Amino acid sequence: MRGDFRALVMGAAALLIGLLLLAAGLELAGYDASAALAALGSGAFGTWQAFTGVTLVRAVPLILIGLGFALALRGGALNIGAEGQFYAGAIAAAWMGVQAAGWPAWAALPAVAAAGWMAGALWMVLPVVLRLRFGVLEAISTLLLNFVAEALVSLMVLGPMQEPTGIYPQSAPIAEAARLPLLPGTRLHAGFLVALLAAGGMAWVFARTWWGFRLRALGEGSRAAEVSGRVPAGRMLALALFGSAALAGLAGAFEVSGVSYSLYQNLSPGYGFTAIGVALLARLRPSAIVLTGIVFGALEAGAGAMQRDAGVPAVAVYVVEAAVILALLLGNAAARRGGQRAVGADAAGGAA
Amino acid sequence: MMDPVAVVADVLAAAVGIATPLALAATGETLAERSGVVNLGIEGAMLFGALGGAIGATVAGPAAGLGFGVLAGVLVAVLFAAVAIGAGADQIISGTAVTLASVGLTGTIYRQFYGPAGVGLSIPTLAPLPIPALSQLPLVGEALFAQPVTTYLTFLLIPLTWWFLFRTRPGLALRAAGEDPVAARAAGVPVRVTRVAAVLAGGAFAGLAGAALVLAQVGTFTERMTAGRGFVAIAIVVLGRWNPVGAGLAALLFGLATAAQFAFQAAGLDVPYQLFLMLPYLLTLLALAGVVGRVKAPASLGRNGD
């Protein structure tokens, strides 16, 4: 419990540092920082509609991908390619959603989700093979595949999947039956509930199952093994990476079937990278990832409002996110000087 | 149908142009990795180098742009070095965060500096400097001897870095820091200082690479314009077997894969251009599979607690 409290204080401090840096930077650049931060706050939390319809909607992919990043890192692997897996899932889900015309919702919705989930995992096949057979670091291979996925989306929306009129660079809209139901009185889709369930399920796996225990053990000791070229417990690692990628693919499917209703380029404003901050801020704990996912969702939601109302470029929020990650890394390093992998070991130790 | 010799010459020339920033960034990253540090932040350093190049060129011409680019790259590397070496945090996560910060900062500064209209076509760029006689050589003349100054600089920096790494005492100390930091320290090598210096040099190279991208290749700055070239450079370091000359050749391979589309266009084949966007990344991945395992990475690469 004391560890929990310390983690909460450190997380809050990191977030505060990020926001202060943003404010200082905006002041320096000649913006009205207080107006910008006010716009950020009201865009994220100002109304019930803003909170549920923007902040929580943005939190869904961040929670799912954050859970996936945590899953992989617990196994000692770095999945930096969630962006690509997200797009692979979005492509498959959009394709399935268009096919689902005339289907009943009970068939269409699971089909779309499964398509995204599987496509995400498929996108991980090459990195897993490269890692296990050839020793290529998954951090690099997953990262490179992001660019392949982005090109693939472009290829699809201008080629085989382009909407029938052939004017816009986007897919045809998915069938009504393939659209996720909205929670009553909000614009928040049911994928949010799935994200909560996923977090609960993963917390249970980590805390209560033999598999979760072994995964943790692997994560703690693997860095040295990895660098010395010995591949640790291949099957566990592969499962962790596939699970991680499947969650990112599911996030892509939900973005299509719950938000955009069709596939287009730049569907993700960098969820795959933002989610790294989400997972680290939560110290890789599933229940905490729900909270930090909402916090980062609020930042993303507020960024849009900040650009609209205060003229501050939305990308400025990346600086906050990066500052949060860096502040946490520095804090962890200070807390356990000499530790080998401060973040992973911390989280594994804390959850035990 | 075009003359095939002319097509090949064009493809080669384009490949060398595309390879130039990649080779520069990979040469710098080779220094960092030989000292034991993986810096994913060079994507951010390149992006900052690109913005620095654009701003420097706008204010004081293309030569100043190169200088600004180098400076910007070094500044980004300072941030990475502080977190990853100073505090000993995970190198890959630190590098990712530094790149994320760079995307946000360059996007913001760019709009601050150029306004909503953007930089447009207003920056002075580096024109090719054909070398008399040599540039008239068949096939390779244009590729090797009618390039902007940044490419010639790359031709110079690659062997120079090789010489430094493998033929000088500081180069030996740098490699020792990456192979066995404990033994290196016992032999009197200041490991952390060496690593910081290598990372800063890597940042300078990445910054120059970004500036070269803007001033010699694209001719303008756009948000996120490096599009993963810094990450590709990291793969190229592995492909080049942690050797600057190898990195230069691997960069050329990537450039050829990208430039191949011109050959297809010249041949009148209607292949979607996105396939050519994917091809270099996929080739890089496959090439990595062939190379990793057969060559040894610096033994303490990526490890902090020395």
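User: In chain B, how does α2(B) pass α4(B): left-handed or right-handed crossing?
Analyst: α2(B) passes α4(B) in a left-handed crossing. Keep in mind that this is a predicted model.

User: What's the angle there, and how far apart are the axes?
Analyst: The helices, residues 42-60 and 91-114 of chain B, pack at about 15°. Their axes are 8 Å apart.

User: Why call α2(B) and α4(B) roughly parallel?
Analyst: Angles under 35 degrees count as roughly parallel, so α2(B) and α4(B) qualify.

User: Which residues does α2(B) bring to the contact with α4(B)?
Analyst: E43(B), G44(B), L47(B), F48(B), L51(B) and I55(B). Facing them from α4(B) are several residues, including V98(B), V103(B), I109(B) and F113(B). By class, this contact has 10 nonpolar residues, four polar and one charged.

User: Switching to the two chains. How many residues does each put into the contact?
Analyst: Chain A gives 45 residues and chain B gives 43.

User: Which element gives the largest share on the chain A side?
Analyst: α13(A), with 13 residues. That side of chain A splits into 35 nonpolar, eight polar and two charged residues.

User: And α7(A) with α12(B), what's the geometry?
Analyst: They pack at about 160°, axes 9 Å apart. α7(A) and α12(B) are therefore roughly antiparallel. The crossing is left-handed.

User: Who makes that contact?
Analyst: From α7(A), the residues include L144(A), F147(A), V148(A) and L155(A). From α12(B), they include L277(B), M278(B), Y281(B) and L285(B). The contact of α7(A) with α12(B) counts 11 nonpolar residues, four polar and no charged.

Key. Residues numbered from 1 in each chain as written. Chains lettered and ligands numbered in written order. Predicted model: local features only at pLDDT ≥ 70, side-chain atom pairs only at ≥ 80, totals over all residues. Axes fitted to C-alpha atoms, helices over the stretch in contact; angles between N-to-C directions. Helix = DSSP H or I, 4+ residues; strand = E, 2+ residues; numbered from the N terminus. Parallel < 35°, antiparallel > 145°, perpendicular 65-115°, else oblique. Left-handed = near helix turned anticlockwise from the far one by under 90°. Contact = placed C-beta atoms within 7 Å. Nonpolar A, V, L, I, M, F, W, Y, C, P; charged D, E, K, R; others polar.
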